[in-house]
Amino acid sequence: MATGCAWFLVLVSVFLCNLMKILLPTISSFMVQKDADQESEMRSEIQQMKKEQSSISMMDEFARYARLERKINKTTDKLKTHGKTNTRSHADQFKWNIVKQAALMVSLIWKYYSDPVTVVPSKWIAPVERLVAFPTGVAGGVGITCWLVVCNKVITLGLGAIS
């Protein structure tokens, strides 16, 4: 792994995962805005129907009153299911993003566990050399797990500062 630019592959993949984690709420907010507009439209429609229903005498025009009541109930049920569906789909998107990121990290660790990402002079990392080299065991080596943790933290802080 030290030969070539595999460290760059790890860095880019961590960057893309974190970028998706940050952009997912922004992307979903556009969808939420559209859904919020639909919900507010349904709410105003319900209000209008209730206003119309209050102006109808239940005794004199029972059929019209009952039709309007059923229409109000149907729209209210539709509004309730619409909100539940949106909440569930956004939560599912977030969960799948986390699962994909974890799968990517595990696959990178699995593939490159024995190769150091890079090798630096041992005295640079002397107090924590074994921890940094884990799982490679190469003296002065930087293991994939340490590299992923450091890249993840640096990119999260950098993207957090930007957004």
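**Entry 1: secondary structure**

I looked up the secondary structure and found four helices and two strands in the protein chain. Helices here are DSSP runs of H or I of at least four residues, strands are runs of E of at least two, and both are numbered from the N terminus. From the N terminus on, I read the order as α-α-β-α-β-α. I note that this is a predicted model, in which local features need pLDDT of at least 70, side-chain atom pairs count only at pLDDT 80 or more, and totals for chains, interfaces and linings use all residues. Residues are numbered from 1 along each chain as its sequence is written, and side-chain values use heavy atoms, with hydrogens and water left out.

**Entry 2: the chain as a whole**

I checked burial next: of the 163 residues, 29% count as buried. Buried means under 20% relative accessible area, exposed means over 50%, and partly exposed lies in between (1.4 Å probe, protein chains only). The chain exposes about 11200 Å², and carbon and sulfur atoms supply 65% of that area. These areas come from the Shrake-Rupley method with a 1.4 Å probe; for residues, only the protein chains shown count as cover.

I also looked at contacts, meaning heavy atoms within 4.5 Å. Among those between residues at least 6 apart in sequence, 64% join residues at least 24 apart.

I compared the length of helix α4, residues 144-162, with expectation.

Which residues of α4 are buried? I listed Ile144, Thr145, Cys146, Leu148, Cys151, Ile155 and Leu159.

I then looked for the largest nonpolar core. Such a core is a set of buried Ala, Val, Leu, Ile, Met, Phe, Trp, Tyr and Cys residues joined through side-chain atoms within 4.5 Å. The largest one has eleven residues: Val10, Val14, Met105, Leu108, Tyr112, Val117, Ile144, Leu148, Cys151, Ile155 and Leu159. The largest share, five residues, comes from α4.

**Entry 3: Phe134**

I found Phe134 in the loop between α3 (129-133) and β2 (141-142). Leaving aside neighbours within four places in sequence, Phe134 is in contact with Gly143, Ile144 and Thr145. Phe134 and Ser114 are 20 residues apart in sequence, and their C-alpha atoms are 8.8 Å apart.

I looked up Thr75, which is in helix α2. At 9% relative accessibility, Thr75 counts as buried. Outside the four places on either side in sequence, Thr75 is in contact with Met42, Glu45, Ile46 and Met49.

Gln101 also lies in helix α2. Its relative accessibility is 8%, so Gln101 counts as buried. Between the C-alpha atoms of Gln101 and Ser13 I noted 8.8 Å, although the two are 88 residues apart along the chain.

**Entry 4: salt bridges**

Side chains of opposite charge can pair when their charged atoms come close. The rule I used for a salt bridge is a side-chain nitrogen of Lys or Arg within 4 Å of a carboxyl oxygen of Asp or Glu. How many salt bridges does this rule give? I counted three.

One joins Arg43 and Glu39, at 3.9 Å from N to O. Both lie in helix α1, four residues apart, about one turn of the helix. An α-helix has 3.6 residues a turn, so residues three or four places apart point the same way. Arg43 is partly exposed at 48% relative accessible area, whereas Glu39 is buried at 19%.

Another joins Arg64 and Glu52, with the closest N and O atoms 3.5 Å apart. Arg64 lies in helix α2 and Glu52 in helix α1, so the pair ties together parts that are twelve residues apart in sequence. Arg64 also forms a salt bridge with Glu61, at 3.2 Å between the closest N and O atoms. I recorded Glu52, Glu61 and Arg64 as linked in a network of salt bridges. Arg64 is partly exposed at 35%, Glu52 is partly exposed at 33%, and Glu61 is partly exposed at 35%.

**Entry 5: a surface patch**

Last, I looked at a nonpolar surface patch of about 330 Å², made by Phe8, Val12, Phe15 and Leu16. Patches are made of residues with over 30% relative accessible area and no salt bridge; like charges are joined within 9 Å, and nonpolar side chains (Val, Leu, Ile, Met, Phe, Trp, Tyr) within 5 Å. Val12 is in helix α1, residues 6-54. With a relative accessible area of 31%, Val12 is partly exposed.
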